[in-house]
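Please read the following report alongside the sequence and the coordinates.

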Amino acid sequence: MISSLIFCFIVGAVLAAEEDSRSAYTKTQENKRLHGYVVKKIDSTDEMSCSQACLRHSWCTSSNFKESSGNCELNKHEFSTTDDNTKLTDNPGTTFSKFLKGCLMAGCLNGGSCLFDEGKDAFACSCSPQWRGEKCEMDFTATFTCDDKMEMFADGQSLGTDSNWTNPTTYLVPGNTRVLSVAGESIGGPLGILGSTSNGQVTNETWKCSSVLSSGWNSPDFDDQSWPLAKVLAKHGEGSWKTLKGIAMTAKWIWGDTNSNTAYCRLSIK
C-alpha cells in the first residue's frame, strides 16, 4: 500500500512539472533528449505511461519521450551526468524527465530517513550516527590514540589496544554500537585521549570520564549520570602534541581527573 502511494505521488509530480523546473520528484525539460544512455526503448501512449515504465525499473534514472511517435527511451546513468546539461541535445517535441527517486524506492536501513539532498539533486538516506553508506548499511571506523596507552571498546567489547600515541590506530566499529569507550593510562608526562570516527564523532567535552574503574563501565546499560564531563586539555595540534594523521582537527585531547594516571571515558551514541 505504501509503495503504491509513493508511486502515485511520483507520477503526479511528473505531470505537474514545468519546463526546466523541479517538482518534488523530477526535473523535466521540454525539447531536450539525453543521448548515449538509453537501455530500453518502448512504445508509450503518453508521457505518463513512459514515466510509469521508468519507475517500474529500479535502474531507470530518466526518460526521453517523443510525443509525435510515442517513442519512450529509458535511461540509466549517474545523477550527476545531466547536472551541466552538456549531455542533453536539442530535440523538438521530446521531453526529458530526470527522476530524483533515489532511496524513495529502495528505502533506508537501520532507522535512516529518506530526505531530499540538494547537493546530490536526489532523495538520499540520512543515517543515524551509528551508520553510514548509501542505505545506512555500513559499519563505521574510529581512529584513536592515547598518551600513553589505551584500549578501545564498543558496547563493552574490546576492539584492540594501542601503546604508541604518535601513531593512532583505526578500529572497525559495528554500526549498531550504542556506546564508545576508551580506557587510557599515562606512564608519566603529558596525558590525554584523542580520536574521531568516520561518522563525525570526536573526543570533546560531551564525553564522560572517570578515574575510577567501575564494573560494567563500558556497557551501554551502565548508568553514567553521576560521571563528570570530560576535561578538555587541548585542541588537536596544540599543547604538547603534534597534529596526528587520521584524526579530525575538531577533536580535542580529553581526560578525567588529571591527578590520576588512568581515565575511563565513554560516549553514548544516539
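## Overall composition

In this predicted model, the protein chain contains three helices and 18 strands. Of its 270 residues, 45% are buried, and the chain exposes about 13500 Å², of which carbon and sulfur atoms supply 49%.

## Strand S10 and its two partners

Strand S10, which spans residues 149–154, pairs with strand S13, residues 179–185, in the antiparallel sense over six bridges. Within this pairing, Met150 stands opposite Gly184 of S13. S10 also pairs with strand S11, residues 157–162, again in the antiparallel sense, here over five bridges, and Ala154 has Gln157 in S11 as its bridge partner.

## An aromatic cluster

The structure holds six aromatic pairs. One of them joins Phe153 and Trp217 in an edge-to-face arrangement, with 5.7 Å from centre to centre and 80° between the planes. Because Phe153 lies in strand S10, whereas Trp217 belongs to the loop between strand S15 (208–210) and strand S16 (231–235), this pair ties together parts that are 64 residues apart in sequence. Phe153 has a relative accessibility of 9% and therefore counts as buried, and Trp217, at 6%, counts as buried as well.

Trp217 also pairs with Tyr264: their ring centres are 5.3 Å apart and their planes meet at 65°, so this pair is edge-to-face. The pair links distant parts of the chain, since Trp217 is in the loop between S15 and S16 and Tyr264 is in strand S18 (residues 262–268), 47 residues apart. Tyr264, with a relative accessibility of 13%, counts as buried. Taken as a group, Phe153, Trp217 and Tyr264 are linked by ring pairs into a cluster.

## Disulfides

The model has five disulfides, and three of these are described here, beginning with the link between Cys54 and Cys60, whose sulfur atoms are 2.0 Å apart. An angle of -105° about the S-S bond makes this link left-handed. Cys54 is buried, with a relative accessible area of 0%, and Cys60 counts as buried at 0% relative accessibility.

Cys108 and Cys125 form another disulfide, with their sulfur atoms 2.1 Å apart, and their link is left-handed, with -100° about the S-S bond. Since Cys108 lies in the loop between helix H3 (103–106) and strand S7 (113–117), and Cys125 in strand S8, the pair ties together parts that are 17 residues apart in sequence. Both Cys108 and Cys125 are buried. A further disulfide connects Cys127 with Cys136, where the sulfur atoms are 2.1 Å apart and the link is left-handed, at -90° about the S-S bond. Cys127 counts as partly exposed at 26% relative accessibility, whereas Cys136, at 0%, counts as buried.

Cys146 counts as buried, at 0% relative accessibility.

## The surroundings of Ala124

Ala124 is found in strand S8, which covers residues 122–126, and at 15% relative accessibility this residue counts as buried. When residues up to four places away in sequence are not counted, Ala124 touches Cys103, Ser113, Cys114, Leu115 and Asp117.

Ala124 can also be placed relative to Cys108, one of the cysteines of the disulfide with Cys125: Ala124 and Cys108 are 16 residues apart in sequence, with 8.5 Å in space from C-alpha to C-alpha.

Technical notes
Residues numbered from 1 in each chain as written. Predicted model: local features only at pLDDT ≥ 70, side-chain atom pairs only at ≥ 80, totals over all residues. Heavy atoms only, no water. Pairing = 2+ DSSP bridges. Helix = DSSP H or I, 4+ residues; strand = E, 2+ residues; numbered from the N terminus. Phe/Tyr/Trp six-rings, centres within 6.5 Å; stacked < 30°, edge-to-face > 60°. Buried < 20%, exposed > 50% of the residue type's maximum accessible area, 1.4 Å probe, protein only. Contact = heavy atoms within 4.5 Å. Areas by Shrake-Rupley, 256 points an atom, 1.4 Å probe, with all protein chains shown as cover. Disulfide = S-S within 2.5 Å.
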